[in-house]
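Please consult the sequence and the structure shown here while reading.

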2 protein chains.
Amino acid sequence: MDILVVGSVAFDTVETPFGQVEDVLGGSATFFSTSASFMTGVQLVAVVGEDFPEEPKGFLKSRGIDLAGLQTRPGETFRWKGRYGYDLNEAHTLETHLNVFESFHPKLPEVFCSAQYVFLANIDPELQLEVLAQVDKPRLVACDTMNFWIDGKRDALIKTLKRVDILLINEAETRQLANEANLVKAARTILDMGPSTLVVKRGEYGVLVFSAQGVFSAPAYPLEEVFDPTGAGDTFAGGFVGYLASTDNLSDSSIRKATVFGSVMASFTVEDFSLNRLRDLTWTEIEARFRKFQALTQFEGLS
Amino acid sequence: MDILVVGSVAFDTVETPFGQVEDVLGGSATFFSTSASFMTGVQLVAVVGEDFPEEPKGFLKSRGIDLAGLQTRPGETFRWKGRYGYDLNEAHTLETHLNVFESFHPKLPEVFCSAQYVFLANIDPELQLEVLAQVDKPRLVACDTMNFWIDGKRDALIKTLKRVDILLINEAETRQLANEANLVKAARTILDMGPSTLVVKRGEYGVLVFSAQGVFSAPAYPLEEVFDPTGAGDTFAGGFVGYLASTDNLSDSSIRKATVFGSVMASFTVEDFSLNRLRDLTWTEIEARFRKFQALTQFEGLS
């Protein structure tokens with residue numbers, strides 16, 4: 001099954017202790033769709049400015065990503081500038097220029113409306129609702145959000161969540177959305193808001209997945225070289241939803257495996273700036289790292 | 001195999017958002033030996049003051065812990081007072097009264113000197129060396145330490161580490177000891193200092209175990225009620241070394257299972273103040289939670 005993703009396509013300027021890059025390809029929809037494209041087809045809906053060059057479009061197309069929903073508008077492409085310190089866990093935003101994104105309204109090409117798998121990247125929940133109004137009857141809606149919307153657009157977000165199957169947010173957002181410090185209780189509160197599955201992203205500490213079936217914990221891959229965490233969350237989501245869509249299996253066991261595939265994809269992304277590591281990534285490498293996650297977590301049961 | 005543990009026996013006064021307790025039984029050797037006692041015999045070496053009552057001694061004895069090495073000295077027992085905020089990850093020490101612990105020198109009863117399993121709890125590395133000078137030829141030496149000693153008694157600590165097989169410290173201590181921000185690189189540096197296994201404790205994020213055999217990641221159990229994290233690290237160590245000593249098997253597979261048993265024991269301890277949860281804990285409960293760790297971490301391999 002193909003996945004419809006709606007989110008941002010951007011240029012990032014990033015400083016980490018290991019170097020810096022200027023105006024490199026970024027954005028939630030870009031990271032998500034590149035990651036998911038290793039497993040299934042992707043239909044991308046986003047907006048770029050007239051300054052957006054052909055090369056990245058060519059790259060995305062070469063990954064089998066359908067750009068029929070990529071609008072080009074007068075003005076400049078969304079730009080983000082951020083810095084990471086040595087802990088690499090928290091991005092410090094230095095500049096955000098929404099540019100053409102400011103007046104963005106997602107418009108789905110006719111053929112995208114029958115999408116069975118939908119990922120609503122971290123955008124204004126009102127825009128997420130606009131997307132949901134255009135899709136017919138998706139089998140799975142997954143969604144990301146952030147502190148800015150939890151705080152500033154809570155009502156719209158609550159409306160969105162009623163129609164979301166899987167919510168993927170970080171630990172602080174989980175506590176903020178539920179207004180509860182204990183993560184297990186917070187998760188239960190959020191599962192009452194609509195989603196049947198909550199994926200709590202904890203950066204270098206991995207992921208916790210909550211559902212009626214129980215809890216699943218996956219570690220992050222312990223890496224010696226973390227160059228740039230930008231896009232790790234969206235790349236995780238791409239591997240996660242990508243696996244589910246490719247198998248069209250939403251069982252607990254499939255969701256666990258999807259979580260590990262998401263973690264695998266995120267572990268590659270952070271090894272280099274922008275999408276660079278994904279550009280020459282092979283399926284053999286993905287499978288090899290999946291096996292490393294098995295080796296990382298396996299232990300014998302009680303005899 | 002029995003385990004020799006040298007550390008503190010103390011009275012703790014603890015405030016958490018969920019309540020407070022005054023002068024309750026605590027101390028690294030107390031938590032460690034109570035936890036380990038579910039798996040094997042324990043020989044305890046520590047010091048208490050003349051104010052130390054009979055009840056806790058009776059409790060420890062009822063757990064099969066040999067108190068022949070528990071000295072009683074004129075003066076008061078070690079007292080610690082601390083507070084935890086809502087995140088429960090970091091203890092804020094309000095008061096430390098070493099009292100009789102200030103002039104403590106571990107003196108092993110003759111019969112303890114042939115111990116095959118030794119746990120050096122978090123005490124002055126010079127005292128840890130005094131212990132090692134008294135034991136004949138242990139099969140395994142495990143050791144804890146803290147920022148205070150890494151900073152203030154580095155030379156003695158380095159000497160101790162040359163004779164340690166398994167070092168158990170937290171994440172910040174790992175980075176501090178190796179003087180390296182990246183955990184994987186820091187672990188490699190520490191494995192070059194002597195220990196063949198490094199256990200990095202990450203509180204609610206679980207544990208990473210590094211050795212020449214690779215890396216093993218175990219989550220912490222996601223709990224709805226965390227009352228008091230005091231003693232979690234020592235209880236982990238008790239379950240961990242306890243399992244190894246009880247099986248007398250130091251293979252990678254055994255160390256992984258020991259890590260899960262340690263995590264199980266720690267998950268119980270934090271459910272109540274002091275050692276309270278361990279007082280009525282049963283082996284059936286321990287096995288049931290071990291199985292919950294399996295359910296928490298299992299995923300299917302590639303087909």
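## Strand β2 of chain B and its partners

In chain B, β2(B) and strand β6 (residues 78–84) run parallel and are joined by six bridges. Within this pairing, Val14(B) has Gly82(B) of β6(B) as its bridge partner. Strands are DSSP runs of E with at least two residues, helices are DSSP runs of H or I with at least four, and both are numbered from the N terminus. Two strands are said to pair if DSSP finds at least two bridges between them.

The model is predicted: local features need pLDDT of at least 70 and side-chain atom pairs count only at pLDDT 80 or more, whereas totals for chains, interfaces and linings use all residues. Residues are numbered from 1 along each chain as its sequence is written, and chains are lettered from A and ligands numbered from 1 in the order in which they are written.

Strand β2(B) also pairs with strand β3 (residues 19–26) of chain B, in the antiparallel sense and over six bridges. Ala10(B) lies opposite Gly26(B) of β3(B). The two strands β2(B) and β3(B) make a hairpin, with two residues between them. Strand β2 (residues 10–16) of chain B is largely enclosed by the rest of the structure, because five of its seven residues are buried. A residue is buried if 20 or more other C-beta atoms, placed from the backbone, lie within 10 Å of its own C-beta atom.

## The nine-strand sheets

Chain B holds an open sheet of nine strands with mixed pairing, in the order β5-β4-β1-β8-β9-β10-β11-β12-β13. At its edges stand β5 (65–73) and β13 of chain B; each has a single partner strand, so one side of each is left without a neighbour in the sheet. From one strand to the next, the twist averages 15° (axes are lines fitted to C-alpha atoms, and angles run from 0 to 180 degrees between N-to-C directions). Inside this sheet, strand β1 (residues 3–6) of chain B runs parallel to strand β8 (residues 117–120) of chain B, and four bridges join them. Leu4(B) is placed opposite Val118(B) in β8(B).

In chain A, nine strands form an open sheet of mixed pairing, ordered β5-β4-β1-β8-β9-β10-β11-β12-β13. Its edge strands, β5 (65–73) and β13 (214–218) of chain A, each pair on one side only. Strand β9 (residues 140–144) and strand β10 (residues 166–170) of chain A run parallel and are joined by three bridges. Asp144(A) is found opposite Leu168(A) of β10(A).

## Contact between the chains

How many residues of chain B are in contact with chain A? There are 31, and they touch 31 residues of chain A. Two residues are in contact if their C-beta atoms, placed from the backbone, lie within 7 Å. On the side of chain B that touches chain A, two or more residues come from each of α7 (183–191), β13 (214–218), α9 (252–269) and α11 (283–297) of chain B. The largest share, six residues, is given by α11(B).

## Relation of the two copies

Chain B is superposed on chain A by a rotation of 180° with 0.0 Å of shift along its axis (RMSD 0.0 Å). The two copies are therefore related as by a two-fold rotation axis. Superposition is by least squares on the C-alpha atoms of residues with pLDDT of at least 70 in both copies. In chain B, the C-alpha nearest the axis belongs to Tyr205(B), 3.1 Å from it.

Terms used. A residue is buried if 20 or more other C-beta atoms lie within 10 Å of its own, exposed if 12 or fewer, and partly exposed in between; C-beta atoms are placed from the backbone.
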